[in-house]
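Here is a friendly walk through one model, from its overall fold to its individual contacts. Please have the viewer open as you read.

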Amino acid sequence: AGALIGAGGAVEALWHLFNDKGPELEKALESIKQSSTEFNNSTQKYLNASQKLDEAIKNQASAKDINRLNEELVNSASELPAAYRAQLLAITDNTELQQEINKIQKELNDKTKNLEFLSQSQTALDDEYGLMGSIGE
C-alpha cells in the first residue's frame, strides 16, 4: 500500500510541476508555431526574390528591371526574422540558401513537436491526477 501511495504522490508532484508550467507551455507552443509560420512565409518570399534577381542578371535584363528586383530582394530581406537574418543574408548561392532554410525549418518543426509532446503529457497528467484525486475522495 505504501508503494501505491508513493506512486500516487509522485504522479501528484509531476502533475503540479506540469500544471504550474501548463500556461507557459501553451504560450511557448503558440509562439513557436507563429514564428515557424512567419519564418516560412518570409524565407519563401526572400528566396523567390533572390531567384528572380539571379535569373534577370543571367538573362541580361534591363537595368530598370534589375534595380526593381534588387529592391524586392532588399524589402524581403528586411522581413526575415531577426534571429536568422544575418545567417541567411550571408548565403549568396540559392541552392545553399534553400538548404539552410530547410535546416532551420526542421529545427523549428522539432521544437514544435517537443512542445506539443510536453503539452500532451500535461493533459495526460491532468487526466491521471483527476482520476487519482477522485480515488482518494
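The report below covers confidence, fold, core and salt bridges.

## Ground rules and confidence

This is a predicted model, in which local features need pLDDT of at least 70 and side-chain atom pairs count only at pLDDT 80 or more, while totals for chains, interfaces and linings use all residues. Residues are numbered from 1 along each chain as its sequence is written, and side-chain values use heavy atoms, with hydrogens and water left out.

The predictor's confidence in each residue is its pLDDT, on a scale from 0 to 100. The protein chain averages 82 on this scale, and 72% of the residues score at least 70. Confidence is highest in helix 2, at a mean of 97, and lowest in helix 1, at 77. Over residues 1–8 the pLDDT is below 50, and this stretch has one contact in the model beyond near neighbours in sequence; a contact here means heavy atoms within 4.5 Å. Residues 131–137 also stay under 50, with one contact beyond four places in sequence. Where pLDDT is low, the predicted coordinates should not be read in detail.

## Overall fold

The protein chain has four helices and zero strands, so the elements run α-α-α-α from the N terminus on. Helices (H or I, at least four residues) and strands (E, at least two) are DSSP runs, numbered from the N terminus. Among contacts between residues at least 6 apart in sequence, 72% join residues at least 24 apart.

The accessible surface of the protein chain comes to about 9,100 Å², and 54% of that surface belongs to carbon and sulfur atoms. These areas come from the Shrake-Rupley method with a 1.4 Å probe; for residues, only the protein chains shown count as cover. Of the 137 residues in the protein chain, 27% are buried. Here buried means under 20% relative accessible area, exposed means over 50%, and partly exposed lies in between (1.4 Å probe, protein chains only).

## The nonpolar core

Which residues touch the most other members of the largest nonpolar core? They are Phe 39, Leu 88 and Leu 97, in a core of 21 residues. Helix 1, helix 2, helix 3 (82–89) and helix 4 each give two or more residues to this core, and helix 1 gives the most, with nine residues. A nonpolar core is a set of buried Ala, Val, Leu, Ile, Met, Phe, Trp, Tyr and Cys residues joined through side-chain atoms within 4.5 Å. In soluble globular proteins, nonpolar side chains tend to be buried together.

Leaving aside neighbours within four places in sequence, Phe 39 is in contact with Pro 81, Tyr 84, Leu 88, Ile 101, Ile 104, Gln 105 and Leu 108. The model has one aromatic pair, where a pair means rings of Phe, Tyr and Trp (its six-membered ring) with centres within 6.5 Å, and planes under 30 degrees apart count as stacked, over 60 as edge-to-face and the rest as tilted. The rings of Phe 39 and Tyr 84 have their centres 5.2 Å apart and their planes at 70°, so this pair is edge-to-face. Phe 39 in helix 1 and Tyr 84 in helix 3 are 45 residues apart, and the pair links distant parts of the chain. Both Phe 39 and Tyr 84 are buried.

Ser 36 also lies in helix 1. Ser 36 is buried, at 9% relative accessible area, and touches Leu 108 and Asn 109, not counting residues up to four places away in sequence.

## Salt bridges

There are six salt bridges, each being a side-chain nitrogen of Lys or Arg within 4 Å of a carboxyl oxygen of Asp or Glu. One of them joins Lys 33 and Glu 116, with the closest N and O atoms 3.7 Å apart. This pair links distant parts of the chain, with Lys 33 in helix 1 (residues 2–58) and Glu 116 in helix 4 (residues 94–136), 83 residues apart. Lys 33 is partly exposed at 34% relative accessibility, and Glu 116 is partly exposed at 28%.

Two others sit within single helices. Glu 72 and Arg 68 form a salt bridge with closest N and O atoms 3.1 Å apart; both lie in helix 2 (residues 63–78), four residues apart, about one turn of the helix. Asp 65, Arg 68 and Glu 72 are linked in a network of salt bridges. In helix 4, Asp 110 and Lys 106 are likewise four residues apart, and their side chains meet at 2.9 Å, N to O. Asp 110 is partly exposed at 32%, whereas Lys 106 is exposed at 52%.
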